[in-house]
Amino acid sequence: MYFQPKTLEQAVQDAQTQGLRILAGGTDFYPMNGDRLPEGPILDVTRIKGMTGVTRTSDGWRIGGATCWSDILKADLPKAFDGLKAAAREVGSIQIQNVGTIAGNLCNASPAADSVPPLLTLGAKVELTSAFGKRLLNLEDFILGVRKTALRSGEILTAVHIADAGQARSVFSKLGSRKYLVISIAMVAVLIEIQDGAIARARVAVGACSPVAQRLRDLEADLRGRRQVAGVVTPAHLSALSPIDDVRGSADYRLEVVAPMIEEALERCLEST
Amino acid sequence: MKDAAPEGIAFTLNNKPVQAGAAAGERLSATLRETLGARDVKIGCNAGDCGACTVLVDGAPVCACLMSTAQVEGRHVETLSGLVQNDKDTRALAEAFQNHGAAQCGICTPGMMVSATAYLRNKNSSVEDALGGVLCRCTGYRKILDAVAETANGGAGPLPVSGGMGTSIRRLDGVAKVEGREAFGDDVAPAATPVVKVIRSPYPRARFEFGDLEGFCTHTGGVLAVLSAKDIKGRNCFGVIPPFADQPVFAVAETRFRGEAVAAVVGTPELMARFDPADFPVTWQELPAVMDCDTAMAADAPQIHSGRSGNVMTGGFVQCGDADRALNGAAQRVSGRFSTGFVEHAYIEPEAGYATVTDGRVEIHGCTQAPVMDLDSMEEILGIDRDRIRIVPTAVGGGFGSKLDISMQPYLALAALKINGPVRMAYSRAESMQSTTKRHPADIELTIGADETGRVQGFRFDGLFNTGAYASWGPTVANRVPVHASGPYRISDYRAEAKGIHTHCPPSGAFRGFGVPQAAIAQEVLFDELAAKLDMDPLEFRELNALENGAPTVCGQVFKQGVGIKACFKALREPWAKAKEEAAAFNAKGGPLRRGVGIAAGWYGCGNTSLPNPSTIKSGVRSDGTIVLHQGAMDIGQGANTVISQIFAEALGCDVKHLHLIGADTDVTPDAGKTSASRQTFVSGNAARLSGLALRAEILRRCNVDSAAAIIEPAEGALVVRDGSARHEVSLGGLGSDADGYVLRAEETYDPPTKPLDKDGQGVPYAQFGYAAHLAVVDVDMRYGTVRPVRFVAAHDVGHAVNPMLVEGQVHGGIAQGLGMALMEEFIPGRTENLHDYLIPTIGDIPPIETLIIEEPDAHGPYGAKGLGEHVLIPTAPALINAINRAAGVQLRQVPVTPSRLKAAMKEACHD
């Protein structure tokens with residue numbers, strides 16, 4: 001069975017099918033399947049009206065769940081989204097960005113998902129829709145672990161909502177072993193608001209250094225009021241991270257590079273103002 | 001809701017409306033290739049990692065392997081074969097790709113050109129960003145960047161299509177590659193052909209038992225046959241070196257590596273698209289395995305093959321003078337223990353082929369580097385008469401050594417014979433990575449000494465090479481390494497020993513350089529450390545010790561001519577001085593980036609080591625005047641089709657454009673040997689030269705011309721011989737033609753003169769060596785341990801460059817592989833069996849490369865030419881490491897130098 005609904009009403013009905021898997025851009029769906037034809041019912045969400053595109057809402061922005069990275073890159077968005085756009089440019093390759101979707105990246109729940117750190121700094125919420133209604137969850141409450149989310153059976157991640165971030169600016173940086181098509185060893189997203197040359201508000205998130213990317217709230221608090229960031233990151237700020245040793249790098253290495261990555265990103269952010 | 005609609009999914013393909021039935025969730029790539037016949041869409045990974053399947057959907061490049069066919073309903077799909085017809089940008093790209101040699105094997109070319117077309121339409125990114133999603137393993141990307149840039153700038157005049165020795169002509173086989181018409185291993189079978197799938201061991205070592213195979217075969221709809229060891233009528237054993245043959249086609253009772261074949265299923269394409277090997281009736285019992293040399297050599301280690309005590313497969317040894325005594329008396333000494341990992345060939349074309357049976361005769365069409373060796377193996381395995389087997393190579397989408405060994409061939413042949421009909425198979429990327437050969441991991445201990453004047457005094461090398469579960473080319477590695485471990489230097493007191501050790505890893509085999517790149521890392525890195533101890537400039541130290549004409553090699557071989565390493569070093573003097581100055585200025589600015597410059601050298605003997613290694617080249621003239629060259633030297637992208645033809649044309653005295661080529665085919669083309677050991681230009685080139693000369697002599701005799709300047713041209717039913725202003729005609733009409741249809745023919749063989757090595761490795765291992773030296777500039781980010789190569793200068797002594805464009809192509813591709821080995825590539829069995837965990841360089845990772853072609857003619861080479869294919873990557877990794885060591889103040893001992901490892905080395909250097 002292959003469902004390709006055009007309306008959300010139809011989609012949430014289809015989504016109740018037993019054993020259903022959701023297909024959006026296919027960039028994680030197909031590799032997970034090996035070389036075989038996918039088994040079981042599939043719900044293709046790419047033709048649902050209202051699931052694609054970036055739109056202005058009363059207090060912020062709505063990104064349709066099936067919006068691909070290339071379309072996010074093309075969208076006219078404030079500076080606070082520069083980090084998200086930088087992450088979009090790092091998702092695989094142009095081929096992947098042309099189909100890979102924001103909902104797919106979140107639902108796949110990889111610790112190295114490029115979009116998660118910048119979306120955390122943007123305070124993103126996910127909109128989950130089922131036949132029984134809609135609910136909004138903070139992104140932090142949505143991704144629960146490696147390949148584990150709060151998505152319930154029958155639910156579709158229909159949109160990502162981001163509240164206005166004022167004059168905030170953001171930067172994303174990713175460390176990998178090659179230029180393109182690379183899974184992060186570590187990544188960092190920062191978003192800051194500056195007032196009178198000092199940091200008024202800061203958000204910092206780190207990915208690929210724990211099962212789920214996370215914000216460093218103690219560091220965020222310590223950044224308030226600072227004009228210089230050299231040496232600001234202390235080991236205590238990173239104590240919540242729990243990186244692993246894998247083929248891409250050692251746990252020690254990840255812990256070691258995160259501090260300079262954060263400081264470099266903050267500096268770039270400060271310079272951009 | 002809909003299942004595959006009976007009327008099919010409607011979209012436009014290359015501007016034509018099409019309707020295609022597709023199973024639910026079927027990949028667009030499968031529909032395009034199998035239902036709509038668009039075989040120009042290539043499958044390299046089925047995971048979006050390689051980009052070979054890139055097509056345009058409504059103008060946007062996407063991986064066809066990641067899209068369900070239903071998603072293109074009502075949309076516009078374009079592939080290379082359509083674009084090259086319909087799009088002026090693509091047509092211009094096709095010209096530029098040929099002018100630059102931007103297509104080598106051609107398997108990535110469709111994805112590359114489709115992506116480049118999208119770039120040219122709007123130019124809203126950098127070329128690198130536009131092409132970053134397509135992997136190429138042959139070219140090193142620089143020629144591709146040049147071709148796209150040239151197209152963007154309006155194109156340039158085309159390269160010639162004809163020309164003799166020394167001319168950069170376009171590849172003779174290039175047009176099909178840039179038009180999407182080249183047929184690779186998986187492109188020749190008709191769509192409905194039954195499919196073979198191998199059942200493989202999920203464990204490095206396991207005992208296994210089959211369940212009810214007969215029941216499985218009878219009761220699973222769509223299964224046509226099941227194959228296992230008992231279906232083998234001949235010998236269930238193969239190997240590229242007959243005395244070491246040890247690998248079963250199907251394991252019996254116990255497997256020795258993860259991915260080893262135990263059985264195969266033949267089924268309808270419909271079944272096999274869904275078939276899950278986990279449903280096959282076999283039970284596994286995992287057993288303790290040994291995965292590295294140390295563990296495998298332990299006293300209590302399981303013995304992997306009887307008769308190979310201590311899991312030592314074999315060894316190689318070379319000694320001259322007294323290394324230990326010389327080292328004891330040396331003024332300066334350096335030592336190191338180096339380790340390298342498995343390196344995967346990662347050609348973008350996984351092993352694939354097609355077999356047919358006609359009147360009990362089996363034909364195997366597929367990708368291979370060694371058709372006649374395939375035939376030898378199949379004769380043994382099938383246990384049928386050699387005349388009943390035919391090997392017809394398809395185009396090869398990269399080989400680099402691994403397609404010397406058989407892979408899919410026996411499964412195809414056994415299946416075709418069993419069902420008495422055609423079958424096909426294509427390895428998945430995971431199967432290809434699990435089961436085919438790798439570069440040997442090496443553990444090397446090396447000590448080198450020098451006297452006060454900087455002359456090397458004493459050299460002792462001990463290397464263990466993890467040869468995996470089966471011998472493959474392990475014995476060659478064990479033999480070649482001690483002969484080459486000295487590098488191209490004069491060392492009078494030398495002792496080098498290499499051993500191949502069996503483990504429960506995939507078989508290590510041939511990979512561009514047969515162990516020499518690993519040895520060169522140890523030797524060239526320690527040379528820098530020794531030069532530093534001597535307070536000598538690394539280049540001066542190398543020049544002082546360089547081999548030269550009349551000086552003996554460590555095997556006691558004395559070349560009177562042709563030793564080109566000093567010329568390579570000389571060519572690097574100016575770039576070296578300039579790069580050092582630039583680096584000093586760069587570093588004086590401060591900041592987190594440190595620039596380093598490194599050099600390294602290499603040498604490589606062309607052809608088999610002290611063994612017969614003949615090539616035969618046949619040519620003929622048909623009665624209509626067609627001049628035919630049976631070009632049997634497999635072109636795996638390196639350019640043999642063009643180079644061998646240029647050499648033949650030079651000898652015949654005929655323009656290369658007049659030649660009609662017939663490729664390798666065991667029915668019609670004599671054995672030109674394997675494409676390996678950098679031997680085709682040298683050995684097959686010589687056979688082509690001899691064949692051309694013989695045919696020329698025959699033609700000139702018939703018109704009583706005796707002139708070196710005479711030029712031969714085909715004409716209608718005749719050959720025209722022009723000698724200055726004189727014109728002679730050799731009429732072919734009256735001549736009887738032979739069974740092949742030739743009225744004139746020449747078949748000549750060349751075998752390089754070598755002599756056996758004695759117990760100390762003294763003798764004449766090779767008739768010729770080629771020489772190389774590379775300079776690498778890198779920036780190291782001291783914060784993150786990341787390395788960004790800035791540029792390379794590569795000096796290569798090729799004797800005589802037959803086609804300089806193809807020489808550059810080899811150099812670029814070799815450097816890209818050497819860079820991968822140095823910085824990112826490490827195959828870990830069971831862990832990196834895909835192209836996103838196993839990383840090879842992308843278009844953004846290869847910096848500009850300047851190639852300096854050195855021509856120190858070789859007396860044995862055709863018109864002085866030397867081999868090149870493997871030389872190109874030997875100096876790359878050590879040049880990079882020397883540059884990194886200098887930039888970061890570290891002493892690296894392990895590749896790949898990942899950011900994590902480099903940062904750890906920096907910490908260690910601080911503590912020292």
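In what order do the 5 strands of the open sheet in chain B stand, and what is the sense of their pairing? The order is β2-β1-β5-β3-β4 of chain B, and the pairing is mixed. Before the details, please note that this is a predicted model, in which local features need pLDDT of at least 70, side-chain atom pairs count only at pLDDT 80 or more, and totals for chains, interfaces and linings use all residues. Residues are numbered from 1 along each chain as its sequence is written, while chains are lettered from A and ligands numbered from 1 in the order in which they are written.

**The five-stranded sheet of chain B**

- Helices (H or I, at least four residues) and strands (E, at least two) are DSSP runs, numbered from the N terminus, and two strands pair if DSSP finds at least two bridges between them.
- β2 (16-20) and β4 (60-63) of chain B are the edge strands, each with a single partner strand, so one side of each has no neighbour in the sheet.
- From one strand to the next, the twist averages 40°; axes here are lines fitted to C-alpha atoms, for helices over the stretch in contact, and angles run from 0 to 180 degrees between N-to-C directions.
- Strands β1 (residues 9-13) and β5 (residues 76-78) of chain B pair in the parallel sense over 2 bridges, with B:Thr12 opposite B:His76.
- Helix α4 (residues 109-122) of chain B packs on this sheet, where it touches β3 (54-57) and β4 of chain B, and its direction makes about 35° with that of β3(B).

**The three-stranded sheet of chain B**

- Another open sheet has 3 strands in the order β25-β26-β27 of chain B, paired antiparallel.
- Its edges are β25 (711-715) and β27 (726-731) of chain B, each with a single partner strand, so one side of each is without a neighbour in the sheet.
- On average, neighbouring strands of this sheet are turned by 25° against each other, direction ignored.
- β25(B) is joined to the antiparallel strand β26 (residues 718-723) of chain B by 5 bridges, and B:Ala715 has B:Ala718 as its bridge partner in β26(B).
- Helix α20 (residues 680-702) of chain B lies across β25, β26 and β27 of chain B and runs at about 85° to β26(B).

**A hairpin around β14 of chain B**

- Strand β14 (residues 352-358) of chain B is joined by 6 bridges to β15 (residues 361-366) of chain B, and the two run antiparallel.
- These two strands form a hairpin with 2 residues between them, and B:Asp359 in the turn has a positive phi of about 50°.
- β14(B) also pairs with β17 (residues 423-426) of chain B in the antiparallel sense, over 4 bridges; there, B:Tyr354 has B:Arg424 as its bridge partner.

**Buried spots in chain B**

- Helix α16 (residues 516-533) of chain B has 18 residues and reaches 25 Å from its first C-alpha to its last, close to the 26 Å expected at 1.5 Å a residue; the expected span is 1.5 Å times one less than the number of residues.
- Of the 18 residues of α16(B), 15 are buried, so the helix is largely enclosed by the rest of the structure.
- A residue is buried if 20 or more other C-beta atoms lie within 10 Å of its own, exposed if 12 or fewer, and partly exposed in between, with C-beta atoms placed from the backbone.
- B:Leu868, in the loop between β31 (849-854) and α22 (876-888) of chain B, is buried, with 30 other C-beta atoms within 10 Å.
- The C-alpha atoms of B:Leu868 and B:Gly770 are separated by 6.8 Å, although the two residues are 98 residues apart along the chain.

**Domains and the chain interface**

- Chain A is divided into domain 1 (2-163) and domain 2 (169-271), with bounds from an automatic or database domain assignment.
- The C-alpha centres of these two domains of chain A lie 24 Å apart, and 21 residues of domain 1 are in contact with 24 residues of domain 2.
- Two residues are in contact if their C-beta atoms, placed from the backbone, lie within 7 Å.
- Between the chains, 40 residues of chain A are in contact with 50 residues of chain B, and α10(A) gives the largest share of the chain A side, 4 residues.
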